[in-house]
Amino acid sequence: MAEKIKERIKGKQWLILGSLWAAYLLSFVARLVWPSIMPVTDDALGFSVTQGTSYITAFYIGYAITALPGGILSDRIGYRKMVLISMAGIAAGTALTGTIGSYELGFVYRFLLGIFSGPLNACCLSAIADVFSERQRGFATGILMTSTSLGITVVNSYAPTLAESFGWQSALFATAVIPLAVLVLCFFSLKGNVSGAAKESGKAGQQMSIAESLKAIVTSKNVIIASLVGMFATGATWGVTNWANLFMTESVGVSVVTAGRIAAIYGAAAFISKPVIGIISDKVHIKKNVLAAICLFLFAPALIAFALTTTEQMLYVTGIILGVSAFMYSVLTNALAVAVAPAGCRGTSAGFVNLFNQIGSLSAPMVLGGVLTATGSYQAAMMSIAVLPLAAGILLLFMKLEK
């Protein structure tokens, strides 16, 4: 049957996907470079641990603010322009952070870096929905999402070494140069203007107003479900990711070096799982929301197993299992964010869902810290967020997708 004919990805599609992947990767490298060199910067600048950590919060505040507006602008002026603006802003924000002489100025620069990074998720997902067919989007989204895991490995492969050898500023300046090269690549490879969905919406081909777009989003049951799923699931993922090293050293008692090695394997497992689940979702006759729910139902017991691990040897096993399950679902939920979008609102929908993702990312560490303070147990803290992927999986089953 015609619908079963394999759709091969063409050369131009590969070029566009590669450009989007590079842009998304560099956005993660830019956001993670500060945490990777924080031990050096705190000493050099005389910052307390709280001050250094607040720069991470500054980034996420800015990111959350522009997640939705960035999606709206992607629908209105086109994802190509928004990607170029984001990459230029990321380069500038990173370079400026390397010039700071006071805590307050650095906080402002990290906030601005978040402002320019916020729209990129919606732009990339909107572009994939525009360039790839329904039978190709799972794989394409899976490839795009590998950049989030690879970013952890890339930034830690050079930034701490540069900071130790040539000063912390060198790590930031080196990170600022690379996005400029990606900007040039995107300038020539991305041709998208307003998304295809946007062109099809509205009466007589007119574009929807911002108010109409927002109304369409907030009245869509599927978009609301996708947003809540993102808040719960993403919160669990980044909560456990940010706390994994701390848990391994403080609860299990392994060395910092060993914890870093296990965390690297955890990231590698996540990296491999993303394109694999994307291919599976394109091949099997299971709706993406159901498949995503299954992945999330596997995430919860994997998290509990990791939290109950008491030996170094078993951490290598449970760490791999957790790495796969903690990120695998994200390929499907990101694809769903644009799949359930009302006509003309792909970027807006992706931005709206990503806003809730960031709320989850900001809230989960607070939950972990609160449980740790109340119980004094790292195990109890880690297990407390296992309910989040379960709730997200249940919500996904209420999503109704068109055939």
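The structure holds 16 aromatic pairs, where rings of Phe, Tyr and Trp (its six-membered ring) pair if their centres lie within 6.5 Å, with planes under 30 degrees apart counted as stacked, over 60 as edge-to-face and the rest as tilted. Take F28 and W238: their ring centres are 6.5 Å apart and their planes meet at 25°, so this pair is stacked. It links distant parts of the chain, with F28 in helix α1 (residues 11-45) and W238 in helix α10 (residues 221-252), 210 residues apart; helices here are DSSP runs (H or I, at least four residues), numbered from the N terminus. F28 and W238 are both buried, meaning under 20% relative accessible area with a 1.4 Å probe, protein chains only.

A word on the source: this is a predicted model, in which local features need pLDDT of at least 70 and side-chain atom pairs count only at pLDDT 80 or more, while totals for chains, interfaces and linings use all residues. Residues are numbered from 1 along each chain as its sequence is written, and side-chain values use heavy atoms, leaving out hydrogens and water.

Now look at F59 and Y60, whose ring centres lie 5.3 Å apart with planes at 85°, so they form an edge-to-face pair. F59 counts as buried at 1% relative accessibility, and Y60 is buried at 17%.

Back at F28, ring pairs join it with Y24, W238, Y266 and F327 in a cluster. R31 lies over the face of F28, 3.9 Å from the ring centre; a charge sits over a ring if NZ of Lys or CZ of Arg is within 6 Å of the ring centre and within 35 degrees of the ring normal. Likewise, the charged end of R80 sits over the ring of F187, 4.9 Å from its centre.

Technical notes
Helices (H or I, at least four residues) and strands (E, at least two) are DSSP runs, numbered from the N terminus. Buried means under 20% relative accessible area, exposed over 50%, partly exposed in between (1.4 Å probe, protein chains only).
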